[in-house]
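Keep the picture open while you read, and look up each residue as it comes along.

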Amino acid sequence: MRWFWLTFFIVCPIAAVVFCVIAPGMDWWFPSEAGSPLGERIDSLFNLILYIVTGTFIGTQIALVYVLWKSSKKDDERAWFSHGSHNLEVIWTIVPAGILLFIALYQMDVWAEYRVVSKFPKEARKAPVAEVMARQFEWRIRYPEPGRILQIQQQPTDLYAVNELIVPAAKPVMIYLKTQDVQHSFFLPELRVKQDAVPGQIIPVWFEATEPGEYVLVCAELCGWGHYKMGARVVALAEEQFEAAMEELAEEQSDDGFADAGDSDDE
Amino acid sequence: MSIRRKSNILFVLACGFLLAGCDAFSPPDAEFVVREETDQLTSDVSKAVEEELESSFGNPHQLVAWLKLPVDFGGVTGATEESTLEGPLNKFPVKFDPEADDKFVAQFQADDGGFNFGESGARLDWMTGEYAGKSMHVIGYDSESQQLTTKEKVEVPPAAGDTFVLSAGETLKSGRALYMEHCLHCHGVSGDGNGPTAQYLNPRPRDYRLGQFKFKATKPAEKVRQEDLGRVIKYGIPGTYMPSFLLLADEDLHAIVEYVRWLSMRGELEYRVDQELVLASGLTNEIIAERKSDGDEDAEIQEEVDEAVAYMPTMFDELGDQLAESWLLAEEEESLIVPAVARVEDSFESRARGRKFFLEKCTNCHGHKGRGNGSMTEDFQKDEETGELYAEPGLFDIWGNSIKPRNLTKGLYRGGRRPVDLYHRLYGGIGPSKMPNFATTDPKILWDTVNYVLHIPFEKPGEYTEVDKEYFESKKKSGGDEDKAAEQEATPTESEQTATGSTESSDQG
């Protein structure tokens, strides 16, 4: 029986480490490479913590297995009664505390850049690209008219869209996140962005999409029966294409149905 | 030992209780809802109605494509080519319609380049020619000779140009699956707006079964277009629980729109059949009981009932034709509301004219300041169908829900916020909500009103005081004392002037 348990407690940790190592190659890992510079730094922080923890894990498992193996031998040796070792206790308090302190300090600048408004990239802070209003169960977007700055109050010239957020790629952009009813969460998994939308608050969120493309936007805070289908898309476009898209949106929104009478009065 | 046995029994019992709650093994069957009025009909007649509905539309598990209806049921269409073969044969040279070619390949081509039609073959329905109305089963296709092979052999080959549909119903079936996934829980299995979620929602989800929809670009008397329904599904309705389904693929959106139209046609057919049988023929249990107690002969009544039952298929056919006509008409160019002039430029003068029109026509419901608190919201209104007053004051829509006129100060436009959308609302009105249409008004005035309405959320206090004064002065000169009362009610007081429609940043359009 003891051989069974011994093997079991050796195989499990080894299997865990092996799976962790091969996971990225087998696509059992993050949804994709981080699509934003800050996302890459978050990923590398994650990996650093993973390595530290893995090292600790392997060390403690080896110790555990050794103890199990040693103490299950049948012999007449008297057990050693340790009366507690003050030094040992100090060591294994200080070392983990030191590691944790290191982690806490090492990640501070990433946290600050991500969450502290005064550390947001200046160009993003000056000209927010849209106000994203989360609502059961969709995302309502309000853009300023091309050439104007987004205001907190609605303006007669604002442009509106739903479930599709268009942003310029390769530069930091900021949105104002609001919610119309309950808590939602603005989650861009590929860009490593997540921010809860809290009723009554206007929360600035910034991110940068390195490459143009379509990114998934999902809600990450249970908000009701439709939470699971509250998906939308963020479309990052190169600068000229972004401006063209905004012009198109402005045109659509001032459609008076007369200019193209004869063909569809839709888009 | 006995304790061990008891705990085993308890364990087994616990598992039993846990599993007993599992309904997953046999979900309830979905059924189409039967209208109240159909239930009220005498049993022979109501049974006949339900049977006819079942044969023309089927049930949610087994749909029936009634080809009379202008719904894209889907499937691969094509026609036969000239055939040189004779005698009993089961191979026909065919040519698929251009759009259908890709569909055919996508649906039936197997990975190895051959074609797979399933165990029992794909159903082929002949539309015209010798075998019109009959169906066969396709079991093979030769892409070189472009010949279909069917299970059934026929003596006489179909003539060249005979049309067929292969695997009809694909679009409808796909629409059904998507509807069940996305729409059912609010709009209900039958599209009656009474799904499990509906009871928690205000405004209620749309009941399709009267064939009327609020937000359309067609003239007042016409039905809604596929495009209008598509817009609603794609962009949602802000201010209600209808979300936007922007991420749906185009084919999926099309399939859902077709299924919704199909449900609407089914519902409206049942509604009109009921109207005929209840109002025209009076064949409800209640009326028949009355007649019997008045002394009418049983035999006479039974004759009428039998007549109605025999006439049922014809009635369905006639009503089906009418429905098909009205839905097809909605797609025609002549039904679309196209503004006769381009939008009048947005300026204070234009908005002032719009304000005057608003005071003339709109304040009864929308209120003097557009807050949706006009006098009609506090009066008892008459129900046009029954001729009696509603039980509560205020406005009601055709589905019997209590509704409020839009508060225009919020900047939430349910049918869309483009100028053309607002023009459609004004020109076409909103039939189901009893918002009148202004189809005969000068289009320039309509544009002025659109400009005014779009500006209401951004109005400054006292902006239109002079305009209002002008309006009421001119009314006094031409009108009489009845306008004095309106003026006194409408002239803004001090407190009102400082508290006009505010731009609330928490609302989105």
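Helices (H or I, at least four residues) and strands (E, at least two) are DSSP runs, numbered from the N terminus. The peptide bond that joins B:Asn202 and B:Pro203 is cis, with omega about 5 degrees.

Before we go on, please note that this is a predicted model, in which local features need pLDDT of at least 70, side-chain atom pairs count only at pLDDT 80 or more, and totals for chains, interfaces and linings use all residues. Residues are numbered from 1 along each chain as its sequence is written, while chains are lettered from A and ligands numbered from 1 in the order in which they are written.

## More backbone details

Chain A has a cis peptide bond too, from A:Gln136 to A:Phe137, with omega near 0 degrees. You will find A:Phe137 in the loop between β1 (130-135) and β2 of chain A.

Next, look at phi. A:Asp27, in the loop between α1 (2-26) and α2 (37-71) of chain A, has a phi near 70 degrees, a positive value in a residue other than glycine. In chain B, B:Gln146 is not a glycine either, yet its phi is positive at about 55 degrees; its loop runs between β6 (135-142) and β7 (147-154).

Are these two residues buried or exposed? A residue is buried if 20 or more other C-beta atoms lie within 10 Å of its own, exposed if 12 or fewer, and partly exposed in between, with C-beta atoms placed from the backbone. A:Asp27 has 9 other C-beta atoms within 10 Å, so it is exposed. B:Gln146 counts as partly exposed because it has 14 C-beta neighbours inside 10 Å.

## Chain B as a whole

Chain B holds 17 helices and 10 strands. Its radius of gyration (taken over C-alpha atoms) is 30 Å, well over the 23 Å that the globule rule (2.2 Å times the number of residues to the power 0.38) gives for 509 residues, so chain B is more spread out than a compact globule. The C-alpha trace of chain B spans about 90 × 75 × 75 Å along its principal axes, and 35% of the 509 residues count as buried.

## The nonpolar cores

A nonpolar core is a set of buried Ala, Val, Leu, Ile, Met, Phe, Trp, Tyr and Cys residues joined through C-beta atoms within 7 Å. The largest one has 60 residues, and B:Tyr259 and B:Trp262 are among those that touch the most other members. Helix α8 (residues 250-280) of chain B gives the most to this core, with 11 residues.

A second, separate core has 41 residues, including A:Tyr143 and A:Phe186. In soluble globular proteins, nonpolar side chains tend to be buried together.

## Where the chains meet

How many residues of chain A are in contact with chain B? The count is 31 residues of chain A and 30 residues of chain B, where contact means that C-beta atoms, placed from the backbone, lie within 7 Å. On the chain A side, β2 (138-143), β3 (159-162), β10 (232-237) and α6 (239-253) each supply at least two residues. The largest share, three residues, comes from β2(A).

Technical notes: Contact = placed C-beta atoms within 7 Å.
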